[in-house]
Amino acid sequence: MVILISDAFDDKLPKRLERFGEVTDDPARLAEADVVLVRSKTKCTKEWIDSAPNLKLIIRGGVGLDNIDLGYAKEKGIAVHNTASASAIAVAEMAFALMVAVPTRLVEAHQSMKEGRWAKKEMKRTELYGKTLGLIGAGNIGTELARRAAAFGMTVIAFDPIITSHEIAELVPFDELLARADFISLHVPLTEKTRGMIDSESIAKMKDGVVVVNTARGQCVVEEDMAAALESGKVRAYATDVWYSDPPEPTSPILSAPNVIMTPHIGASTKENMGRIGDVVVELLEDFTKRTA
Ligand code: NAD
């Protein structure tokens with residue numbers, strides 16, 4: 001069995017996978033591969049799948065499957081698995097860090113010190129305590145964030161049309177969430193329903209001075225509408241780890257809008273998470289070899 005590691009995984013993973021077959025990271029060997037490991041960089045399009053005639057299993061280290069043509073993979077009899085909950089802690093910590101950076105004014109305060117300014121008088125802060133966090137999507141990552149927010153004394157509400165109860169969040173309709181939340185954090189997969197769900201229409205229904213955090217997918221937010229809301233002050237800050245493309249086009253209006261805190265899609269990139277993803281990959285290969293033995 002040939003296992004192609006197509007994107008960046010834990011350094012120790014190739015050694016751990018040797019017992020299942022020949023492990024390579026040479027993309028030129030795609031045509032021979034039985035199993036391919038991808039993260040978000042490799043785009044498993046129709047053409048890509050057609051150039052892998054031996055392929056039986058794609059393992060996506062991470063959650064979102066929007067880089068894989070799932071319909072075509074199914075048609076070709078190729079199984080696709082992600083490593084579902086492995087990344088939840090890493091991404092929730094990232095979302096929490098982005099959220100807490102706004103009221104603490106962490107980035108501005110740091111920058112002022114770097115510039116040699118002592119801005120103690122101007123740097124008035126606010127708190128997370130007592131504020132309402134609205135989660136859009138309350139699955140694995142949303143739930144980990146809810147736990148952290150509750151520990152900070154926040155009230156947590158969530159819009160998630162697929163679940164019927166939640167251990168922490170009060171489930172509310174979308175418009176109610178927009179109207180009540182001081183902080184809104186996105187934790188949905190990219191689908192036809194979630195693409196562009198934060199646009200001028202939904203932003204207009206939010207509280208003035210709301211903070212929006214995005215560790216889900218850049219395309220869930222209409223960038224031009226968000227930039228306009230930041231310019232007008234309707235949205236106090238947009239803290240995002242995710243982009244329309246990785247990296248963003250230099251023309252992205254988010255790059256030049258005011259009150260943006262941005263990171264280069266590093267939500268899942270913790271050392272600990274890479275180890276957890278590796279553990280799930282090993283389990284999936286154990287199952288796969290048993291089933292195909
Ligand atoms: P999950 O499947 O556990 O949870 C997603 C939740 O979204 C589910 O509860 C689902 O019911 C809900 N949902 C689906 N459609 C919805 C809609 N239209 N409106 C509201 N809720 C909806 O997934 P997760 O592990 O929590 O991950 C969420 C997303 O985070 C992933 O799909 C991925 O896009 C993103 N992600 C980003 C990073 C990063 O590095 N920033 C890393 C991992 C995942």
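**View A. The loop of Asn 259 in the predicted model.** Asn 259 lies in the loop between helix H10 and strand S12 (260-262), helices (H or I, at least four residues) and strands (E, at least two) being DSSP runs numbered from the N terminus. Although not a glycine, Asn 259 has a positive phi of about 55°. This is a predicted model, in which local features need pLDDT of at least 70, side-chain atom pairs count only at pLDDT 80 or more, and totals for chains, interfaces and linings use all residues. Residues are numbered from 1 along each chain as its sequence is written, and side-chain values use heavy atoms, with hydrogens and water left out.

**View B. The loop of Arg 105.** Arg 105 lies in the loop between H4 and helix H5 (106-114). Its phi is positive, about 55°, although Arg 105 is not a glycine. Most residues other than glycine have a negative phi, and most peptide bonds are trans.

**View C. The peptide bond from Asp 246 to Pro 247.** This bond is cis, with omega near -10°. Pro 247 lies in the loop between strand S11 (235-240) and helix H10 (253-256).

View D. For Ala 216, a backbone N or O atom lies 3.5 Å from a ligand oxygen atom. A polar side-chain atom of Arg 217 lies 3.5 Å from an oxygen atom of the ligand.

Notes. Polar contact = N/O pair within 3.5 Å; in protein donor to acceptor, adjacent residues only side chain to side chain.
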